[in-house]
Amino acid sequence: MSNSNLVSYTRISPNKNSPRNHDIDRISIHCVVGQCTVERIGEIFAPESREASSNYGIGLDGRIGMYVEEKDRSWCTSSGANDHRAVTIEVASDTAHPYAVKAAAFSALLDLCTDICKRNGKKRLLWFGDKEKTLAYTPKADEMVLTVHRWFANKACPGEYLYSRHGEIAAEVTKRLAAEDKPAGTGDNPSAWAKAATEYCKRKGIFAGDGAGNFDWQKPITREQVAAVLYRTLERAGLLEALPDKK
Ligand SMILES: [Zn+2]
């Protein structure tokens with residue numbers, strides 16, 4: 001299990017359980033109730049007497065700190081069951097309702113959530129906006145679910161500013177994950193037709209393979225086989241009719 005390389009400051013808190021007892025399938029976003037730096041958040045979580053911590057913190061300037069490694073459970077959400085499966089993030093915020101956060105901190109939060117999902121093999125970040133529904137939900141292997149502190153304790157956390165943006169956060173992160181998942185360079189849905197073309201070539205013996213999972217041309221490859229590959233590829237890309245006839 002890795003940690004985010006977006007982190008620019010690390011001060012590990014003694015307030016944690018090592019290792020966590022559940023795979024990561026949740027993210028819990030909190031508001032600090034103070035416009036502070038990542039160093040100040042680290043200071044807050046340093047004494048054992050504080051009995052609190054988070055995996056990550058985001059300062060008012062958008063810098064990201066780490067206080068508990070992802071492999072460990074932070075003491076953040078007033079729920080051991082949640083914190084054992086969640087990556088927790090404290091975001092510097094105003095000290096009063098609606099506990100607004102700076103634009104730089106919000107932007108860093110989107111980057112961090114995307115990075116956490118990506119490294120943990122998640123393709124979707126989900127927000128149900130409902131405690132019962134969320135806690136009853138079993139995420140699929142590639143799903144990450146947002147939970148909030150106010151469901152587990154009588155608190156305003158993460159504050160209205162962040163709470164009301166949870167749908168937006170989930171949608172934006174999922175959009176970024178989908179964009180990174182797409183192979184570059186071809187058509188509207190390249191993966192679908194490229195996969196079909198690959199299967200066709202394997203079936204027809206055009207790709208012989210090297211026995212180690214890599215494709216390799218059958219040698220020699222005939223003119224008819226090359227033509228068949230080009231034809232099927234152009235057809236699936238919708239480019240067949242676009243080619244001018246040779247006169
Ligand atoms: Zn909280």
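The centres of domain 1 and domain 2, taken over C-alpha atoms, sit 45 Å apart. Domain 1 covers 9-181 and domain 2 covers 190-242, with bounds that come from an automatic or database domain assignment. This is a predicted model, so to speak of local features takes pLDDT of at least 70, side-chain atom pairs count only at pLDDT 80 or more, and totals for chains, interfaces and linings use all residues. Residues are numbered from 1 along each chain as its sequence is written.

As for overall shape, the C-alpha trace of the protein chain spans about 80 × 35 × 35 Å along its principal axes. The chain holds eight helices and nine strands (DSSP runs numbered from the N terminus: H or I with at least four residues for helices, E with at least two for strands). Its radius of gyration is 24 Å, well over the 18 Å that the globule rule gives for 247 residues, so the chain is more spread out than a compact globule. Here the radius is taken over C-alpha atoms, and the rule is 2.2 Å times the number of residues to the power 0.38. Buried residues make up 31% of the 247 residues; buried means 20 or more other C-beta atoms within 10 Å of a residue's own, exposed means 12 or fewer, and partly exposed is in between, with C-beta atoms placed from the backbone.

Now for the sheet. Seven strands form an open sheet with mixed pairing, in the order β1-β5-β4-β7-β3-β9-β8. β1 (9-10) and β8 (124-126) stand at the edges with a single partner strand each, so one side of each has no neighbour in the sheet. Two strands count as paired if DSSP finds at least two bridges between them.

Strand β7 (residues 86-91) has six of its six residues buried, so it is largely enclosed by the rest of the structure. Both of its faces are covered, with A86, T88 and E90 buried on one side and V87, I89 and V91 buried on the other. Strand β3 (residues 26-31) pairs with β7 in the parallel sense over six bridges, and R26 has A86 as its bridge partner. Strand β4 (residues 56-58) also runs parallel to β7, joined by three bridges, with I58 opposite V91.

β3 pairs with strand β9 (residues 143-147) too, parallel and over three bridges, and I27 stands opposite L146 there. Helix α6 (residues 166-181) lies across β8 and β9, running at about 170° to β8; axes are lines fitted to C-alpha atoms, for helices over the stretch in contact, and angles run from 0 to 180 degrees between N-to-C directions. Contact means C-beta atoms, placed from the backbone, within 7 Å.

Terms used
Two residues are in contact if their C-beta atoms, placed from the backbone, lie within 7 Å.
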